[in-house]
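Thank you all for coming.

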Number of protein chains: 2
Amino acid sequence: MYLVNGKAYTCAIAIAQDIFNDKWKLGIIWHLLSGEKRYKELFEEVCEITQKTLTVKLRELEEKGIIAREAFPEIPPKVVYSLTPIGEKLRPVLNEMFDWGIDYVTVCGAFSEGTVCEPKLSKKA
Amino acid sequence: MYLVNGKAYTCAIAIAQDIFNDKWKLGIIWHLLSGEKRYKELFEEVCEITQKTLTVKLRELEEKGIIAREAFPEIPPKVVYSLTPIGEKLRPVLNEMFDWGIDYVTVCGAFSEGTVCEPKLSKKA
DNA sequence: CAGGATCCATCAAGATACTG
DNA sequence: CAGTATCTTGATGGATCCTG
């Protein structure tokens, strides 16, 4: 049995599922894997997300200890988001998921013209 | 650019995210990784799921080519679900996710008494 | 046994406008 | 620049009952 902030789980998969069960968090982390990013950079790189949703998701990830937020007391403001150690440990998960996505397109989809927005990542942990 | 049933993606992660962005699919696949299962077995093993939801999720996974459904013309009925090749390829994703879940509990949670419902899986692909 | 059929509550997320 | 504040909606999933 696993306890994570007051909630009991009988399956480690359910813990990850519970955290990442939404449309955006994995994408945000995927972009942070290539290095820390400012709010605006994330807003531009994570396709189609709205400011409100980005803010909400960043707060949730911070609260769960997966990303860190650093605000610089400047005008104009500057806020930088980065992965915590446990957040960084998602790298192999995302890499496997990326590979599976490619496999899935190969089997059930098609490749087409047009640029992709994959960040360039090192595969090493 | 990736095309998957009429939808365009610029990121392979988004493909996986789009498919598994719900409360149940990954858990169902996790249980199918230990072997094919009947409807009733899944209903009992996937904690807390309702019959309707299980049916809906199985249909969605079948439609996306990730699981296969085989119905035996018997009375009482017998239906067996199993992973397709591309579904089986989710094994490394789920294994990494499982490991991360354990890491996350180690850092941000606690282990406790009580049995877990993890299926016993081989780590090999 | 393996669903199907309804009805319903909730909530994530989009759109839009505003601010320290 | 990095957010807030409202308003609104579509879909997910829960509850319950029914059936080939």
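Let me begin with helix H4 (residues 51-63) of chain B, which lies across S4 and S5 of chain B and runs at about 115° to S4(B), where axes are lines fitted to C-alpha atoms, for helices over the stretch in contact, and angles run from 0 to 180 degrees between N-to-C directions. Helices (H or I, at least four residues) and strands (E, at least two) are DSSP runs numbered from the N terminus. This is a predicted model, in which local features need pLDDT of at least 70 and side-chain atom pairs count only at pLDDT 80 or more, while totals for chains, interfaces and linings use all residues. Residues are numbered from 1 along each chain as its sequence is written, chains are lettered from A in the order in which they are written, and side-chain values use heavy atoms, without hydrogens and water.

The sheet itself is open, with three strands in the order S3-S5-S4 (chain B) and antiparallel pairing, two strands being paired if DSSP finds at least two bridges between them. S3 and S4 of chain B are the edge strands, each with a single partner, so one side of each has no neighbour in the sheet. Six bridges link S4 (residues 67-72) to S5 in chain B, with Glu70(B) opposite Val80(B), and a hairpin of five residues connects S4(B) to S5(B). On S5(B), Tyr81(B) is the bridge partner of Lys37(B), and Val80(B) is that of Arg38(B).

As for the cysteines, there are zero disulfides over all chains, a disulfide being a pair of cysteine sulfur atoms within 2.5 Å.

Notes:
Contact = heavy atoms within 4.5 Å.
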